Amino acid sequence: MAFEDLLSDPVIQKYLHELVGPKGMPVAAAPPDGEVTDEELAEELDLELNDVRRALFILYENDLASYRRLRDEDSGWLTYLWTFEYDKIPENLEEEMYRLLEALRQRREYERTHEFYLCEVCSLRFEFGEAMDFGFECPECGSPLESMENSRLVESMDDRIDALESELNVEELGA
Ligand SMILES: [Zn+2]
């Protein structure tokens with residue numbers, strides 16, 4: 001798959017941006033064909049060598065880049081030759097979305113099955129059991145804890161879950 005096609009996809013751009021951050025983005029967004037050294041990238045992109053290395057290492061940790069080491073026989077210096085492996089991006093993205101979906105489903109279940117109390121002064125939220133232990137008074141400021149409605153939060157989670165499910169083409173089991 002051509003890198004240019006992948007990189008024109010805004011979802012993939014966002015994914016890379018989240019991985020490497022704004023400073024690493026010039027590195028992640030301009031993958032050369034074939035091998036390249038960190039020094040070459042730093043010079044070509046006019047970046048700090050450390051920022052380049054950091055971005056490369058993050059890509060490496062996420063299976064999106066690999067390297068091999070060459071030792072200069074005279075100086076003993078090591079050179080790292082990097083290869084970008086962006087053909088793994090779609091697979092990684094899908095895994096990421098499944099993880100997010102699972103986390104959201106668990107979180108929604110927690111929100112649905114618990115009752116919450118709020119200190120409006122401190123913006124602290126307590127589960128029912130905790131609130132009862134505190135005699136429905138905020139342990140920080142002593143204000144009364146008010147029963148808190150979380151159905152709007154659950155609804156917005158429903159929307160995100162539905163969107164992810166349709167993007168992944170999955171349906172919730174037993175839903
Ligand atoms: Zn309080």
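Student: How far apart are the centres of domain 1 and domain 2?
Tutor: This is a predicted model, and in it 38 Å separate the two centres, taken over C-alpha atoms. The domain assignment puts domain 1 at 3-84 and domain 2 at 91-168.

Student: OK, and the zinc ion, which residues coordinate it?
Tutor: Four cysteines do it through their SG atoms: C119, C122, C138 and C141, at 2.2 to 2.4 Å. Along the chain the donors follow the spacing C-x2-C-x15-C-x2-C.

Student: Where do C119 and C138 sit?
Tutor: C119 is in strand 4 (residues 116-119), while C138 is in the loop between helix 6 (128-133) and strand 6 (146-148).

Student: Is C119 buried or exposed?
Tutor: Buried, at 0% relative accessibility. C138 counts as buried too, at 4%.

Student: Switching topic: which residues form the nonpolar patch on the surface?
Tutor: F57, Y60 and Y67, with about 280 Å² of accessible area together. Y67 belongs to strand 2 (residues 65-71).

Student: Last one: where's L6?
Tutor: In helix 1 (residues 3-7). L6 is buried, with a relative accessible area of 4%, and its C-alpha atom is 53 Å from that of C141, 135 residues apart along the chain.

How values were computed. Residues are numbered from 1 along each chain as its sequence is written. This is a predicted model: local features need pLDDT of at least 70, side-chain atom pairs count only at pLDDT 80 or more; totals for chains, interfaces and linings use all residues. Side-chain values use heavy atoms; hydrogens and water are left out. Patches are made of residues with over 30% relative accessible area and no salt bridge: like charges are joined within 9 Å, nonpolar side chains (Val, Leu, Ile, Met, Phe, Trp, Tyr) within 5 Å. Accessible areas come from the Shrake-Rupley method with a 1.4 Å probe; for residues, only the protein chains shown count as cover. A salt bridge is a side-chain nitrogen of Lys or Arg within 4 Å of a carboxyl oxygen of Asp or Glu. Helices (H or I, at least four residues) and strands (E, at least two) are DSSP runs, numbered from the N terminus. Domain bounds come from an automatic or database domain assignment. Buried means under 20% relative accessible area, exposed over 50%, partly exposed in between (1.4 Å probe, protein chains only). Donors are N, O and S atoms within 2.8 Å of the metal (3.2 Å for Na, K and Ca); water is not among the atoms, so sites may look incomplete.
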